Amino acid sequence: MRKIIIAATLALAASTGIATAQDKPVIASIVFQGDQFMKSLQAGMRDAGEKAGAEVLEINIDGDQAKESQAIDTYIARKVNAIVIAPVSAKNSAAALKRARDAGIVVVAVNGGLTEAGIAQATFSTSNKDLGATTGKAAASFIKETLGGKAKVAILGFKSLLPEQSGERTEGFKEAAAEGNSIDVVTEQDAWLPEKAVSVATDILTANADVNVLYAANEGGTIGAMQAVRNAGKAGSVYVFGIDGSEQLAKGLLSSDNVLQAVTAQSPFDMGASGVNAALAILKGEKVAEQTSVPTLLLSRTDPDGVKAFAESLK
């Protein structure tokens, strides 16, 4: 219902070309997926906007590049003051956002930048390669200590959705996990939503009985991989490593089943809030850093207190 209301509001505003709240900044918040990470990212944007007295319009474009472009054009017609966006593609999102800049709209990118310089006036991101490498280092230690330095690995990515992000996270993981170990990557497949990841991971485990490590490059893939191992009765013989942090993943790390071993989290709420605060500062004529790196946070079964602290922070 919320999406329908927002869509109707945008359509009406586009037809009139007039903002509904001219006495306060209007900020468009755009994300490309409805998982916990993106929800937290958008919650941070909303919180910062509300605290500053701004109006925040929200849309999730569900990984659709054309829909993203249409949303940006609608916001241009709406004459919003700023767009804070988690772009679908570092390359392909640039053209529509350049139109926004040309229309005098402030553009801030979160969860990744744009390959074309000068479009985003501020960028807040975590290195995707660092995300993968941080989990990969945890996997390297585990493989060496628990699996005798050898592992058959299957990977769940999201290349068909976001090739740059998925590729960097996967390469970072593989390089780090292979340090001091013998790693055989049996298969790499796309599955970034939990339901799909359960199915894909189950098929992988059925077809490859010797796989003992599953790596997933995002939250949904990690949740699905974890559940597939449980469903297959392979807890204790197949181990999961992943990316992103959420309440469900924290529970997985604290579970006694020993399936999920480590994930690397970002700080999506803070990232989203920082993006909106930067946009507001730019609107006031203040200078902000063009690039801000948000550090990674390893959450590991070996540090239950750290996992509990992270889970508490989500509340």
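Which residue forms a salt bridge with D73? Keep that in mind while you get set up. This is a predicted model, where local features need pLDDT of at least 70, side-chain atom pairs count only at pLDDT 80 or more, and totals for chains, interfaces and linings use all residues. Residues are numbered from 1 along each chain as its sequence is written, and side-chain values use heavy atoms, with hydrogens and water left out.

**Stop one: the opening pair**

Select D73 and you'll find its partner, R99, with the closest N and O atoms 3.0 Å apart. R99 sits in helix α4 (residues 94-102) and D73 in helix α3, so the pair ties together parts that are 26 residues apart in sequence. Helices here are DSSP runs of H or I with at least four residues, strands are runs of E with at least two, and both are numbered from the N terminus. A salt bridge means a side-chain nitrogen of Lys or Arg within 4 Å of a carboxyl oxygen of Asp or Glu. R99 counts as partly exposed because its relative accessibility is 35%; D73 is partly exposed too, at 33%. (Buried is under 20% relative accessible area, exposed over 50%, partly exposed in between, using a 1.4 Å probe and protein chains only.)

Now pick R78 and E55, whose side chains meet in a salt bridge at 3.7 Å, N to O. R78 belongs to helix α3 (residues 65-78) and E55 to strand β2 (residues 55-60), 23 residues apart. Both are buried.

Next, select K129 and E175: another salt bridge, with 3.4 Å between the closest N and O atoms. K129 is in helix α5 (residues 128-146) and E175 in helix α6 (residues 163-177), so you're looking at distant parts of the chain, 46 residues apart. The structure holds 13 salt bridges.

**Stop four: strand β8**

Finally, show residues 213-216, strand β8: V213 and Y215 point one way, L214 and A216 the other, and all are buried. Bring in strand β6 (residues 150-157), which runs parallel to β8 and is joined to it by 4 bridges; two strands pair if DSSP finds at least two bridges between them. Click Y215 and look for I155 standing opposite. Strand β9 (residues 239-243) also pairs with β8 in the parallel sense, over 3 bridges, and there the bridge partner of Y215 is F241.
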